[in-house]
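Have the sequence and the coordinates open side by side.

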Amino acid sequence: VEAAAVFAVAELERNKGGGLITRLPEEKLVYLSKVGYPLWLFSRNDLGFVFDGFGDFSYSISFLDVRSAKAFRESLEANSAPRENYVTFLSDHGNYFQQPMKEKQFVFRGLIADVDFKGEFNLYRREAAEITGQPNVALLSPALEEPAISAMLSEFEKLQSGLREEAEGLQENTRLVNKITSQYITELDYEASAAREEADAKIRAQEELVNPKINKINKDYKRKIKDVAESFDKELERLQKQKAKTLKSIDNSEGKIKLYEHEGKAQAEKKHAIYEKRWKEKINRTKKELNGLKKELKNIESNVTKLSKQKTQEISKLNFGLDAETKFTRQPLLQLEAARDAKTRVFKLKTEKLLKLEKPVLEGLNKSTKLRETIKASFDGLGIRDSTLKNSALFFVPFYGVCYEVGLERRYLFIPPSTV
């Protein structure tokens, strides 16, 4: 059936001659042959690589050459101590893995990397049968021989091995940087705590000297403030009593005036001019006394205001003096506290600087690690993932070759299996 189908295709493609204007000669079928095209399948690390047996083309894979993890590691180990050297190392290597990378290529002669082709080949290879005896197919001998492919894959394995070592080195470098930085941060925290404890001990010792002095100052000023307040309060109390007495006198005078006015009015109604005049004179005298009392009340209130203000000023002056003497007495304590806070700030800045310098280094390491993973994934994509593949094998893909002849000229037609 297959032979008949192939012959039918060959006949369909054969030029039968003819033509309306120019008579074309008829082609003659010289031969029709079934041919096996060679494809190599090589296994390496659970990956199967498919090669064209003639190797007439090359497949190149490009990748970026990441900075050496080994050189970084050697420099890191040499400068991991003391802390000052490590800080300088981080500063110098912040852009180590951020610098422009060179592009490299690895060339495979004859490698077939097309995903669709590999998928189809992997499907049909399982149906392949081993050739025994004399085949009824013309097998084309591969120009790309097994030793050449083995050597090529060995070089590729060396490249992959180097990349794996670099990836492991990058991960180890990341671990070491994290570890060393963590150790120095712990060291800085310990030094900061020790410095704070030492400063706090000095502060407590100084407080034992200063606090009794401050207590005495507070006691003295409290007594002074009390004396001043009592002195002013005594005078204010006298003024308040005088004010109350004056207010009472004013009320009495105002009552007398009303009474005198009533009596004067009554005498006027009786037409007693002399008595009316006498009541008016009393009213005038009482009003004069009332004006004097009101003036006296105003002076008393003014004195109360002035005295209250003086009291406030004197007490404020004493409180200011208390604050000044307290602050002066506490000066040794304030100096010790300021020195402690300054030391603590220095350790904090050192920690922040360490973390700041570490960040770009770790980012570069992580970026390079991810790049290595990407390269590895692209390399793995070159082959067919199959753990059952163990040995190399030569496969022959069948196709048909047809030769046509017209006079001295020959024409060739190749029929792939998918056409049949």
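Does E172 count as buried, partly exposed or exposed, and what is its relative accessibility? E172 comes out partly exposed, at 24% relative accessibility (buried is under 20% relative accessible area, exposed over 50%, partly exposed in between, with a 1.4 Å probe and protein chains only).

A quick note on the basis: this is a predicted model, where local features need pLDDT of at least 70, side-chain atom pairs count only at pLDDT 80 or more, and totals for chains, interfaces and linings use all residues. Residues are numbered from 1 along each chain as its sequence is written, and side-chain values use heavy atoms, with hydrogens and water left out.

E172 has a partner: its side chain meets that of R175 in a salt bridge (a side-chain nitrogen of Lys or Arg within 4 Å of a carboxyl oxygen of Asp or Glu). The two sit three residues apart in helix α5, so about one helical turn separates them (helices are DSSP runs of H or I, at least four residues; strands are E runs, at least two; both are numbered from the N terminus). R175 is partly exposed too, at 43%.

The whole structure holds 29 salt bridges, including these:

| Pair | N to O distance |
|---|---|
| R175 and E172 | 2.6 Å |
| D200 and R340 | 2.9 Å |
| D65 and K104 | 3.6 Å |

D200 lies in α5 and R340 in α6, so this pair ties together parts 140 residues apart in sequence. R340 is buried, at 18%. Elsewhere, E11, R14 and E26 are linked in a salt-bridge network.
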